Amino acid sequence: MLRTASCSASLTSASPFFRHFPLSYSSLSSSTGALRAPGRNLRRVASPASTGRRVFLRRGLRVPSTAGRGVNRQLSRLSVRAVATQPAPSYPDVGQDEAEKLGFEKVSEEFISECKSKATLFKHKKTGCEVMSVSNEDENKVFGIVLRTPPKDSTGIPHILEHSVLCGSRKYPLKEPFVELLKGSLHTFLNAFTYPDRTCYPVASTNTKDFYNLVDVYLDAVFFPKCVDDVHTFQQEGWHYELNDPSEDISYKGVVFNEMKGVYSQPDNILGRIAQQAISPDNTYGVDSGGDPKDIPNLTFEEFKEFHRKYYHPSNARIWFYGDDDPLQRLRILSEYLDMFEASPSRDTSKIETQKLFSEPIRIVEKYPAGRDGDLKKKNMVCINWLLSEKPLDLETQLALGFLDHLMLGTPASPLRKILLESGLGEALVSSGMSDELLQPQFSVGMKGVSEDNVQKVEELIMSTLKKLAEEGFESDAVEASMNTIEFSLRENNTGSFPRGLSLMLQSIAKWIYDMDPFEPLKYTEPLKALKARIAEEGSKAVFSPLIEQFILNNSHRVTIEMQPDPEKASQEEAEEKSILEKVKAGMTEEDLAELARATEELRLKQETPDPPEALRCVPSLNLSDIPKEPTYVPTEVGDINGVKVLRHDLFTNDIVYAEVVFDMGSLKHELLPLVPLFCQSLLEMGTKDLSFVQLNQLIGRKTGGISVYPLTSSVRGKDEPCSKIIVRGKSMAGRADDLFNLMNCLLQEVQFTDHQRFKQFVSQSIARMENRLRGSGHGVAAARMDAMLNIAGWMSEQMGGLSYLEFLRTLEKKVDEDWEGISSSLEEIRRSLLAKNGCIVNMTADGKSLSNIEKSLEKFLDLLPENPSGGLVTWDGRLPLRNEAIVIPTQVNYVGKAGNIYSTGYELDGSAYVISKHISNTWLWDRVRVSGGAYGGFCDFDSHSGVFSFLSYRDPNLLKTLDIYDGTGDFLRGLDVDQETLTKAIIGTIGDVGSYQLPDAKGYSSLMRHLLGVTDEERLRKREEILTTSLKDFKDFAEAIDVVRDNGVAVAVASAEDIDAANNARSNFFEVKKAL
C-alpha cells in the first residue's frame, strides 16, 4: 500500500545525518489522516523559511535544516552535550537458556547510551531470522518486520504486494484487517512502505495489549496472507480491466495503478525516479519498485504469487521490537510464527548487487507533462547526481558527509544553496542533498524553473561552486552552527508524531538490510567525538575539502538530467493508454466482453459487501474498560509578565526550553494579508543593520535549536471573529534562553526589508512550491478553497496558502521590480500592525527550574516590544463566492472535494461527531471511493471549530462518481445497523485519535492551541464522555446534519481538463472552470 509518496520522505530515515529523497512509498491510509488537507482545523501557513529553520527532527538523527556553518579554533569550546554518557539502567534480561527454549540464540547485546536502551540481537536457529530487541522506558512501543524485496522490472510487484498482504490472512480472514485496526486500535503508528529494495511493516502503540494485537495481525498478514490465493485482491490493489457494460470502453482500475499515475504526474517525482534508475542502471534500482503505470498491466497473478513465495519468508526477514514491554514475551510471540517454517535460500537470492562506478559521466534529456500557461521555456529542470562509492562507508565518513551536506545545502545561508538561488538562473532547488537510504550513497543538486538557455549555466555554476568550496573551505561560524544544530538535535531526539523507536528502526535497518551491523547506525558518540577532534586539530578545510574532491569533483559516476516541459505529454500518454485498451477490446469476442462485464460486477459486489460479523470478531481489539475515562491533562500555569499573559508548562524536556510568542493579526489591513507568508520568510532570511542574513542565520544555528515564524488561523466555535495569529516559535538549551529571546527580538525588530533581490527569490520559490502543491496535494488545495467559501478563517488561510495566494504571487512577481519601495513599505506596515505587548501571549514548556530561571530573559524581551500595534482593529469578513469550481492542472488523476457547514442546520457539537466522521471514512468512503472506485484515498474531515464537514479524495480516477458517493452518505448513515462490538471499535479508534501520543513540546503547544481557541479541560472531558457513550441513534441523527453537504454544499475538484470537460458535459456547466497550471 504505497499510499503517499509525499509522506514517505518523512518516513524514510536511514542515517543519522543525511537528508533523504522520497524513494519509498508509504501505506498510510486516508483514514489515518496522512492524506488529509494540511491544517484543516488549525491552518498553519508555514513560510519556506520557517520550514527550513525549524529543527523538529522527523527522521531520527537526520540533520534538520536549521542554520549553518563554521568552527576550527572555536570548536574546542563546543561540548558534546548531546551525547553525554550515563550509567546503563537495568532492563529485563532474556537469558541464553530462555532464548534457546524458544528457538533463538543470543548473538550479541549492547547498551546504546545514545538512546538509553539495551539492544539484543537474536537469531532464530531454524530459519536464520534475525531479531533486534530494544528495551528502554519508552511507552510508545514499536514493532517492525522488514523484508528484502528487489524487483526485476517496473510492474510494481513489491508495492502491490505490500498493499495486498494487509487484505486478510489465515487467522484474520476478512477483507481488510488493516482497516479494522484503523477503526478500533489505539495505535500511534500503523503503516507499511515499499522502498526500492525492501518492504517494511511497522506498528506502534502505548497500550501493551493493543500493541501485541497489532503485532499478531501484522505477522499473520506478512507470512500467511489470503491475497496469494485471491485474484480479486490482486485486481483491486494492483490492476484490472474494468467494463461496466459491453457497449462502453474498457478502462484500467486498481489502487496502486492510480496511485502511481499520480506519482508520474508530478515533475519532481518523475525527476527523482529517472535519477535513481539512471544512476544505478545495472541493479534493482534501475527499475521502479512502486510500478510504472505503463508496466503495471503487464504483471500477472502468477508472478505476484511467486514473488511472495520467494521473498516473504522468515529467512529473509529482519524483525525489530522497541519499548518498555517484556522482551521475553516478544520472543514467545515470534516463536509461534517462525517455528512453522524451515530455512529458505531467500536471504541469499534477495541480496542487492553493487552498482559498479561509471568510467565517465552521462547526460539524459527527458520530458515531463506541463500545462500550457506561462512561459514554458522557463520551466526546465536540471539535476546533477553522483553515486558516491561502491563500498559501504564507515560511520565517521558518513557523519562527515552529513555535515558537509548540511554545510552546503542545509540552510538558506548555506553557500551552494545560496549561490544557486541568488544566481537568478532558476526558481528553486530540486532533488538536492545526500541520501544513503540504499546500498550506495548518492549526492544530488539541481534547480527547477530554469530557462532553456540557462540549463548549461546552472550545471557550470554547480560545478564551479563545488570546486570553490573545496579550494576555500567553509567559514568557522558556519561549521560551529552546523555542529550545534546536530548536537542539539541529538540531545532533543524530537521525532514529532513519528515514534522514536521507528526512527531508530529505520536507521538500523539501513545497514542491517545489507547484512551489516544493526547496532552501528545507533551509536554516534565516538564517531562524532572523532570528527570534532579532527576538525579541532586539522581545521574544517582539511576534513571537508578532500570529501568534496574524492566523492564529487573527481568522481566520474555522474549523471546529469535535464527535464523539459511538454504540454502534449499528458494527453499523449492518455491517448496511448486509450489505444492499448481499444486494441484489447477489439481482440475480444462478445462472449469475452460479457464475461469481463460480469467479472467487473462480481469484483464490485465483493468489494461493497460487508464482512460477516463472525469474521469481524476475529480481529483482536480492546474493550472500553481498557480506555482511560479522562483525557491527558497538561500542567498549565497562567501568569502575567509586564501585562503579557504567559502560559507555563512544567514538563521534563531534557534541559531544553520551548517557547512560542503569539501576536494578534487583528490590526492587519486586508490587502496586506497575502504578504504575510513572505513577511515571515523575510524576517528569517534578510539581515539587520549590523548582520547579514548569513551571519544572522549562523548565529541562530550556533545559539539555539531553531526559530520559525508563521501565521495561524482558525474559526472559533460560537464566535464570528476568527482566531488569527502570528507565531514565533523557538527552542534552545535552558542555559541559552537569553540568546533565544535576544535573537527573537532581533528577528522581529531589527531585520530590514531592504534586500530587493532576495525578496524576488522568495516570490519565485513560493510560486514553485505552490505549483508543486497543486500537482501533489490537490486535495489540500480543494479543501482550502471550500473552506474559503464557507468561513472567514478559511478565506484568510486560502489568501496565504491556497490558489488565491498563487494568483497573488504571480501578480507580485511582476510588481517586485516596478514597486519595490511600496512592497518594502508594506512589509514594515505588517510589522507595525503585529508587534505589540497588547494581545501578545507567551507559551513556555520546560521543567519548573528552567521556567523560573528564564523569566528575566523573557521580561527583557517583552520590555522591548511596543505597547500597542499601529492602526485600529480590523473586521475580517471575506469569503470566496459559493460555487462549484474545477481547477485545471496537467494530471492523470483527480482530487475531488465537497463541503458544507453543518452548524447551519442547527446541529450542536457532540463528541459522537468524531466517532461518526471516523466511521464514515473507514467504511463508506474507504469501500466506495478507494476499494471500489480505485482512488488512492477517500476520507472526510469535520472541523468542529467552524462546523465545516468536508469530503475529499486523493489520486482519484473518478470525478462525478465520487461526488455521488459523498451525496449518498446521509442515506448510508440512516440505513446503518451496527452491533455493539463494531460501535465499541469505532469509539476506541476515535479515542486513539483525539488523545494521540505526544512528546513534551507537542503537549505544551497543544495546550497553547486550546487556550487560543477557548477549549477548556471541562469541555475536553465532556467531549470524551460523549465519545465513550456514542450510540447508533447518534449516527442516525447525524444523517440529517450531514445532508446539508449534499443539498447546499460546494464542490471543488483539482483535475485534468479532459475530466472536467466530461463532467460539465454530463451535468451541464456543473463546474466553473479555473485554469491553474
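Predicted model: local features only at pLDDT ≥ 70, side-chain atom pairs only at ≥ 80, totals over all residues.

1. A word on terms: two strands pair if DSSP finds at least two bridges between them, and helices (H or I, at least four residues) and strands (E, at least two) are DSSP runs numbered from the N terminus. With that in hand, strand 28 and strand 29 (residues 948–954) pair in the antiparallel sense over 6 bridges.

2. Residues are numbered from 1 along each chain as its sequence is written, and side-chain values use heavy atoms, leaving out hydrogens and water.

3. Now the sheet: 6 strands make an open, mixed sheet in the order 28-29-27-30-26-31. At its edges are strand 28 (937–942) and strand 31 (1072–1075), each pairing on one side only.

4. Helix 26 (residues 756–776) packs on the sheet, with contacts (heavy atoms within 4.5 Å) to strand 26 (885–888), strand 27 (895–901), strand 29 and strand 30 (1050–1055).

5. Which residues have the most contacts inside the largest nonpolar core? They are F759 and L774, in a core of 93 residues. Such a core is a set of buried Ala, Val, Leu, Ile, Met, Phe, Trp, Tyr and Cys residues joined through side-chain atoms within 4.5 Å; buried means under 20% relative accessible area (1.4 Å probe, protein chains only). Helix 25 (residues 737–750) gives the most to this core, with 8 residues.

6. Among the residues that F759 touches are L675, M686, W820 and L827.

Definitions and conventions:
Axes fitted to C-alpha atoms, helices over the stretch in contact; angles between N-to-C directions. Buried < 20%, exposed > 50% of the residue type's maximum accessible area, 1.4 Å probe, protein only. Lists of a residue's contacts leave out its neighbours within four places in sequence.
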